[in-house]
Structure formats: structure tokens, C-alpha cells
Amino acid sequence: MTEALGRSRGGFSTKLHAAVDALGNPLRLLVTAGQCAEITQAEALLAGYQAEAVIADKGYDSDALVLKIEDSGSVVVIPPRRNRKVQRDYDANLYADGNKVERFFNRLKHYRRVATRYEKTARNYLAFVQVASIVTLLL
């Protein structure tokens, strides 16, 4: 799995997972194969950070993750999936700030090498994503 390539609905791909702060600056970046579910990387993204609130999309909605976030003292701002029997309340105004993650990915994709993944190994790809992240912080 040194290449982090895998089959997903979109074809042969790699998935980039990111945690950002309240300003949209990157805190942690992870690379996985395309078929890897987002929820599997949630604990690794959050490890070592104490946040007032954790904002994520429906892909991160699970009872175990919600409990872990609440136990850490953070507010959970994850909309529940439609098929949940008991719908959980969340702050929709605070959830609107979640677009900072999407804006971070948009800035990263301005770098052709990140968007098209020229590097063969996951290690080299992640290294260039980190370089591109540093450049976006400096601009």
C-alpha cells in the first residue's frame, strides 16, 4: 500500500484527508487509497488536538466518533445521516464554517501536481501536498 491507489466510484484514485483550524489553515494531512472511507481516518485526524467544536460532513457521522468527540469536551457539529432512526441536533450556523475545508482543498488543487498526482508513491505525494500547503499559508 505504498502507492495509496485504489478503486472507488470515480475510478482509480487516491483520497486526501485534512484537518484544518478555524481559519482554514491545515493542521494534519493524510493520504489513503480511493476506496478508503472517510470515517476510518477521523481519529487519526483529530488525535492530539483539543478543539472547541469539531465540524465535519455526513461521512463522519457515527455513534463511536460522536461519543469520542463529546468525551474530549468538544461540541459535535456533524449533521446526521438521513437513515438514522434518531436524528441528532447540530448547529447549522456553525456547520456553515465547514466550507473552510473545501476552500483549503480548492487552494491545493491550484497546484497541478497535487490535482493530477504525478508522484508514484504516497510518501512523495503527501510531501508535495505538504509543500503546497505551506505555500498557501505564505500567500
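## Basis of the description

Because the model is predicted, local features need pLDDT of at least 70 and side-chain atom pairs count only at pLDDT 80 or more, while totals for chains, interfaces and linings use all residues. Residues are numbered from 1 along each chain as its sequence is written, and side-chain values use heavy atoms, with hydrogens and water left out.

Helices (H or I, at least four residues) and strands (E, at least two) are DSSP runs, numbered from the N terminus.

Strand S2 covers residues 11–20 and strand S3 covers residues 26–33; the two pair in the antiparallel sense over 7 bridges. Two strands pair if DSSP finds at least two bridges between them. Within the pair, His-17 stands opposite Leu-30, and Ala-18 stands opposite Leu-29.

S3 is mostly covered, with 6 of its 8 residues buried. Buried means under 20% relative accessible area, exposed over 50%, and partly exposed in between (1.4 Å probe, protein chains only).

## Nonpolar cores

A nonpolar core is a set of buried Ala, Val, Leu, Ile, Met, Phe, Trp, Tyr and Cys residues joined through side-chain atoms within 4.5 Å. The largest one has 14 residues, of which Leu-16, Val-31, Phe-104, Leu-108, Val-114 and Val-129 touch the most other members. At least two residues of this core come from each of S2, S3, helix H4 (99–108) and helix H6 (122–138). H6 gives the most, with 4 residues.

Leaving aside neighbours within four places in sequence, Val-129 is in contact (heavy atoms within 4.5 Å) with Leu-16, Leu-29, Leu-108 and Val-114. A second, separate core has 12 residues, including Ala-19, Ala-42, Leu-45 and Ala-56.

## The largest pocket

Pockets are found on a 1 Å grid over the protein atoms alone: a pocket is an open set of points where a 1.4 Å probe fits, with protein on both sides within 12 Å along at least five of seven lines, and lining residues have an atom within 4 Å of a point. The largest pocket holds about 990 Å³ of space, a volume being the space filled by probe spheres set on the points.

Its lining has 35 residues, of which Ala-19, Val-20, Ile-55, Ala-56 and Val-101 lie nearest the centre. S2, helix H1 (42–46), strand S4 (53–55), helix H2 (63–71), H3 and H4 each supply at least two lining residues. S2 gives the most, with 6 residues.

Val-77 is found in strand S5 and counts as buried at 0% relative accessibility. Leaving out residues up to four places away in sequence, Val-77 touches Ala-53, Val-54, Ile-55, Ala-56, Tyr-90, Asp-91, Leu-94 and Tyr-95. The C-alpha atoms of Val-77 and Leu-94 are separated by 7.2 Å, although the two are 17 residues apart along the chain.

Arg-88 lies in the loop between strand S5 (75–77) and helix H3 (92–95). Arg-88 is also buried, with a relative accessible area of 19%. Its side chain makes a polar contact with the side chain of Asp-61 at 3.0 Å. A polar contact is a pair of N or O atoms within 3.5 Å; within protein, one must be able to donate a hydrogen and the other to accept it, and residues adjacent in sequence count only if both atoms are side-chain atoms. The side chain of Arg-88 also reaches the backbone oxygen of Ile-78 at 2.6 Å.
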